[in-house]
Amino acid sequence: MDPTNKPNGPSPHYSFYQREMFKRGGETGILPSFSVHADELVESTKKKLTDRGYFYANSNAGLGWTDRANREAFYRWRIIPRMLVDTNTRDLTTEIFGHRIPAPIMFAPIGINKLYSAKGELVPAKIAGELGLPYCLSTAASNSIEDVAAANDEGASIKNESNSVHSYSGANGGNAQGPRFFQLYMGHDDDITVSLLERAWKSGFDVCMLTVDTWQLGWRPTDINIANYVFYYPPGKVGNELGASDPVFMDKYGKELEKDTGKWIDSSVWHGKAHTWEKMPWLIKTWKRISGGRPFVIKGIQSAEDALKALEVGCEGIVVTNHAGRQVDGAVGSLEVLPDIVEAVGGKMKIIFDSGVRTGSDVFKAIALGADVVQVGRLYVWGMAHEGEAGCRHVMMSLLADLDITMTVAGYQSITKDVYRNPKALKYNPYGVYPRGEHAKL
C-alpha cells in the first residue's frame with residue numbers, strides 16, 4: 001500500500017514524519033540540523049548552550065545513580081511484538097481530566113526556559129498548542145502565566161492542512177487543544193499561593209499540579225562546580241519573571257526583590273521549608289474554590305503508600321516521578337515503582353508518569369505498566385536549545401512518530417485498548433544493565 005493512501009483513523013499518521021524527512025533529504029539534500037537520537041542529542045546540546053544552561057537541564061543529584069536507575073528500569077522491560085495485526089490506522093488518543101488528546105504525551109514543567117531560547121516558555125507552550133498536547137507551566141518559569149497562555153492559544157489557533165501530520169482534529173472538527181496544567185511550587189505565604197492559582201485559572205490552566213519533592217534543590221555537584229544558580233547573576237531577572245509579574249508578591253516583596261535577586265526563588269519556590277500532608281486539604285479546597293472543582297494532582301510520588309495518601313486527601317491524580325533523578329541520589333527508578341502504585345490505587349485516580357523518557361518505546365512501556373499519560377521534559381528542552389520553535393517541534397514530532405511506528409511494527413492498534421495496563425505486552429528481564437552510550441561496556 002502506498003503510505004500516502006492509508007485510510008484516516010482516530011490519530012494523525014505521525015509515522016509520515018519519518019517519510020517527510022527521507023523525502024526531503026532525497027529530493028533536496030536538506031537533512032535535519034541535529035540528531036534526535038537521545039544520546040547524540042544530549043551531546044550536541046552541550047555545544048549549543050553555556051555550561052549554566054546545559055547543566056541546569058542535565059544536572060543530577062549526587063553521582064547520578066537515580067538518573068541511571070530510570071534508564072535501567074526502561075531497559076529491563078522488553079516489548080513483545082505481535083504479528084499480522086491490522087495497524088494500518090492507529091488510535092493513540094486518550095483522555096485526561098475530561099480532555100481528549102491525540103497521544104498520551106504531555107510537556108513536563110521545566111523552569112527557566114530562557115536558558116535555552118530567548119522566548120523561554122513561549123516556545124514549548126506554542127508547540128504544545130499546535131500538537132494538541134497538554135502543556136504544564138512551572139512556577140520557576142521565565143515568562144508570565146498570562147504570556148504563556150497566549151502562546152499556547154496561538155499554537156492551537158494555527159490552521160494546518162487537513163493532511164498534515166502536525167495537526168490533530170478533535171471529534172467536533174477543528175484543532176483540539178490539550179489542557180493546561182499549572183505546576184505549583186508552594187511557598188509559605190498563602191496570599192501569594194492564592195494569587196498564583198487565581199492567575200493560572202483565569203489564564204486557562206485548569207489542572208493544578210503541586211510538586212512535593214523539591215522544597216529545595218537536591219545536592220547537584222555539577223551545578224555547584226560552576227555556581228549554577230542563575231537568579232543571582234546580573235541582571236538578576238531571568239527566572240524571576242513569574243514572581244515579578246505577580247501583583248501580590250510585588251506589593252509585599254517588590255522592594256526586597258530589587259535588593260535581593262533571590263527573594264522570589266528562595267522564598268516562594270525552593271524555600272527549603274517542607275510542607276506536610278496536613279497542608280493539603282487547605283490547598284486542595286482553595287484550588288477547588290478558585291477553579292470550580294477542577295482536578296488537583298501531586299507530583300513526586302514514588303511509593304504506593306504516598307499514592308494512597310494522595311487519594312485519601314482528595315487528589316484526582318498523581319505524577320510518578322523522581323524529578324528525573326535530580327533530587328535524591330541512589331533512589332528507585334520511577335518505572336520500577338509504577339506497577340506497585342498502579343495496583344495500589346486501583347484505577348481510582350489518573351497516573352501521569354515522568355522520569356527518564358527518551359523514546360516512543362519508553363512511552364509504550366509506561367502506558368503498558370499503567371500510566372495514563374507520560375510527561376517528557378529534557379527532550380523538548382534539548383530541541384529548543386538547537387533551533388527554538390523548529391527544534392522543539394522537530395523533537396516532539398519525532399517522538400510522536402516514534403510511538404506511532406512502534407505501535408505499527410509491534411502490532412498494537414490502540415493505545416488504550418491494546419497497550420494500557422497490558423502485562424502481556426511486556427516481558428521483564430531482571431538482569432538487564434542499561435549501557436551508557438554507544439561504546440559503553442555492559
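I take a crossover as right-handed if, with the strands pointing away from the viewer, the path from the first strand over the helix to the second runs clockwise. I take helices (H or I, at least four residues) and strands (E, at least two) as DSSP runs, numbered from the N terminus. The model is predicted, with local features requiring pLDDT of at least 70 and side-chain atom pairs pLDDT 80 or more, while totals for chains, interfaces and linings use all residues. Residues are numbered from 1 along each chain as its sequence is written, and side-chain values use heavy atoms, without hydrogens and water.

**Entry 1: strand 11**

I looked up the unit that ends in strand 11 (373-376). Strand 10 (residues 350-353), helix 15 (residues 360-368) and strand 11 form a right-handed β-α-β unit. I count two strands as paired if DSSP finds at least two bridges between them. Strands 10 and 11 run parallel and are joined by two bridges; Phe353 has Val374 as its bridge partner. Strand 4 (residues 105-107) also runs parallel to strand 11, with three bridges, and there Phe107 is partnered by Val376.

Which way do the residues of strand 11 point? Val373 and Gln375 point one way, Val374 and Val376 the other, and all are buried (under 20% relative accessible area; exposed is over 50% and partly exposed in between, with a 1.4 Å probe and protein chains only).

**Entry 2: strand 7**

I then turned to strand 7 (residues 205-211), where seven of seven residues are buried. Together with helix 7 (residues 190-202), strands 6 and 7 make a right-handed β-α-β unit. Strand 8 (residues 296-301) runs parallel to strand 7 and is joined to it by four bridges; Thr211 stands opposite Lys299.

**Entry 3: the cavity**

Points are joined across faces, edges and corners, and a volume is the space filled by probe spheres set on the points.

How many cavities of 30 Å³ or more are there? The count comes to one, and about 380 Å³ of space lies in the largest cavity. Helix 3 (51-58) and strand 11 are the elements that give two or more residues to its lining. The lining has 26 residues, with Pro109, Ile110, His323, Ala324 and Arg326 nearest the centre. By class I find 12 nonpolar, eight polar and six charged residues (nonpolar: Ala, Val, Leu, Ile, Met, Phe, Trp, Tyr, Cys and Pro; charged: Asp, Glu, Lys and Arg; polar: the others, Gly among them).

I checked the UniProt record, an unreviewed entry, which lists Tyr56, Tyr185, Arg220, His323 and Arg326 under "binding site". The lining of the largest cavity includes Tyr56, Tyr185, Arg220, His323 and Arg326. Such annotations may be inferred rather than shown by experiment. Tyr56 is placed in helix 3 and counts as buried because its relative accessibility is 10%.

**Entry 4: positive phi**

Most residues other than glycine have a negative phi. His323, not a glycine, has a positive phi of about 60°. His323 lies in the loop between strand 9 (317-320) and helix 14 (334-345).

Leu84 likewise has a positive phi, of about 55°, in the loop between strand 1 (77-79) and strand 2 (94-96). Is each buried or exposed? His323 is at 12% relative accessibility and therefore counts as buried, whereas Leu84, at 92%, counts as exposed.

How values were computed:
1 Å grid on protein atoms, 1.4 Å probe; cavity = no way out; pocket = protein on both sides within 12 Å on 5 of 7 lines; lining within 4 Å.
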